[in-house]
Amino acid sequence: MLIADDIEYYKNIRNYNKPSETPYKFNTKTHYGCPYDCGLCPDHEQHSCLTIIEITDRCNLTCPTCYAGSSPTHGRHRTFEEVKTMLDTIVENEKEPDVVQISGGEPTLHPHFFEILDYAKTLPIKHLMVNTNGLEIAKDFEFARRLKSYSPDFEIYLQFDSFKEEALFSLRGANLKKTREKAIQNLNELNLSTTLVVTLQKGLNDDEIGKIIDYALKQKCVRGVTFQPTQIAGRHNNFNHETDRITLTEVRRKILEQTEIFNPDDLIPVPCNPDALAMGYVLKLEGNIIPLTRYINPADLLDNSKNTIVYEQDKELHRKMFEIFSTGTSTDKASSKLHSLLCCLPFVEAPKLSYDNLFRIIIMQFIDAHNFDVRAIKKSCVHIVNKDNKIIPFETMNLFYRDNKKEYLEILKSQSI
Ligand code: SF4
Ligand code: SF4
């Protein structure tokens, strides 16, 4: 199975390696070995840059592609008390969690949705996100306005896969074109920070990558686009894993081919989890689009590079670089960090930046059975807090720990004793 189509980039990933950063607390012991001790267990090499909390299994869609297998009748809402305990678990593990994403199912359907947001806002969470299909935001402007009241440090992570009816039907089982337009209209009116999230399937919507970036750059509320190649886990009714799977390097190449904006130095591996994540920043200044990563000189992020003169000699500068190229830093937060970084560089005149000026592209390829690699899994930095108050990497959750898979895993474990 193809794991990358760009040998040079793939080999270079090994150089982007940030030293391990562990959470304050581990929740399990290392016993069976990875990936059977999730956790997090003490073998895990990254803390939670982003923790997802699934407050419900229910959804108002039944997407043919859904890693959680959600639907209007699937599972149940977590109780408010359960959700509070799950949020508390994240805080116990991380002390001051970087990013917490309220997710589902469709979280806006939860009967205590706003109470959950209220509670989350009382906790020392640096940045809160709501992962949504946007139906409620499109339908009800007052609902969107209420969401805006949680800003700053609050963001909508909006499902946005395609402009094509056929692709939307294939991925979502519904023509959501008008819904997306209305949701963006409402979010623009409120200037509520939004990241567009695009699930990619080869041959279905990978020809729209450039068009989606161009569209996103024109929307006031949109701070970036995250491209997620389909992880082969959960429900995949219209997916052939032999022909429809797309890798991180293919997505990166298509971004370079389908936009005028980027060159290869603009989209680089993210040091905390370089196998799974690539990132690039763009400045939006007075109608101009300026790719930024190339000026930062990505070679200086490398561990073993001979070019590490500037950053290696200046530890503070090096730390700031890592902070910016991390999923634990939201685009809103990155603007101030970037400004202070640019001020330190002799070759860039630092403009006055606000979060309106910064735009971020992320490619997030969640490992699945086709490219499973224990070394890379241990560096996963996107985690889910599950119903049992364990913190589980997103990838292993969907592959081994979700619903009936967990029961099967327990049987395997009992046989191995
Ligand atoms: S994925 Fe991480 S938490 Fe899970 S078993 Fe492996 S090292 Fe431990
Ligand atoms: S992918 Fe999202 S919107 Fe679709 S059914 Fe699953 S939870 Fe609902």
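In the hairpin of S13 and S14, 5 residues separate the strands, and Asn389 takes a positive phi near 60 degrees. Helices (H or I, at least four residues) and strands (E, at least two) are DSSP runs, numbered from the N terminus. This is a predicted model: local features need pLDDT of at least 70, side-chain atom pairs count only at pLDDT 80 or more, and totals for chains, interfaces and linings use all residues. Residues are numbered from 1 along each chain as its sequence is written, while chains are lettered from A and ligands numbered from 1 in the order in which they are written.

- S13 covers residues 382–385. Val382 and Ile384 point one way from the strand, His383 and Val385 the other way, and all are buried.
- A residue counts as buried if 20 or more other C-beta atoms lie within 10 Å of its own, exposed if 12 or fewer, and partly exposed in between; C-beta atoms are placed from the backbone.
- In a regular strand the side chains alternate between the two faces of the sheet.
- S1 (residues 50–54) runs parallel to S13, joined by 4 bridges. Two strands pair if DSSP finds at least two bridges between them. Ile53 has Val385 as its bridge partner in S13.
- S14 (residues 391–393) runs antiparallel to S13, with 3 bridges. The bridge partner of His383 in S14 is Pro393.

**Residues with positive phi**

- Asn389 is not a glycine, yet has a positive phi of about 60 degrees. Asn389 sits in the loop between S13 and S14. Asn389 is partly exposed, with 15 other C-beta atoms within 10 Å.
- Lys95 is not a glycine either, and its positive phi is about 65 degrees. Lys95 lies in the loop between helix H2 (80–94) and S3. Lys95 is exposed, with 12 other C-beta atoms within 10 Å.

**Cis peptide bonds**

- The Gly39 to Leu40 peptide bond is cis, with omega near -5 degrees. Leu40 is in the loop between helix H1 (7–13) and S1.
- Gly104 and Gly105 are also joined by a cis peptide bond, with omega about 15 degrees. Gly105 lies in the loop between strand S3 (99–103) and helix H3 (113–122).

**Ligand 1**

- Of the 13 residues around ligand 1, Cys34, Cys38, Gly39, Cys41 and His44 come nearest. A residue is near a molecule or strand if its C-beta atom, placed from the backbone, lies within 6 Å of it.
- The shell has 7 nonpolar, 3 polar and 3 charged residues. Ala, Val, Leu, Ile, Met, Phe, Trp, Tyr, Cys and Pro count as nonpolar, Asp, Glu, Lys and Arg as charged, and the others, Gly among them, as polar.

**Helix H8**

- In H8 (residues 209–218) the buried residues are Ile209, Ile212, Ile213 and Ala216. They lie on the same side of H8 because they cover an arc of only 100 degrees around the axis. The arc is that of the directions from the helix axis to the C-beta atoms.
- These buried residues pack against strand S6 (194–200), strand S7 (222–229), helix H9 (248–258) and strand S12 (358–364).

**Nonpolar cores**

- A nonpolar core is a set of buried Ala, Val, Leu, Ile, Met, Phe, Trp, Tyr and Cys residues joined through C-beta atoms within 7 Å.
- The largest has 77 residues. Ile53, Leu187, Leu196, Val198, Val225, Val251 and Ala278 have the most contacts inside it.
- Leaving aside neighbours within four places in sequence, Leu187 is in contact (C-beta atoms, placed from the backbone, within 7 Å) with Ile137, Ala144, Ile156, Leu192, Thr194 and Cys221.

Notes: Contact = placed C-beta atoms within 7 Å.
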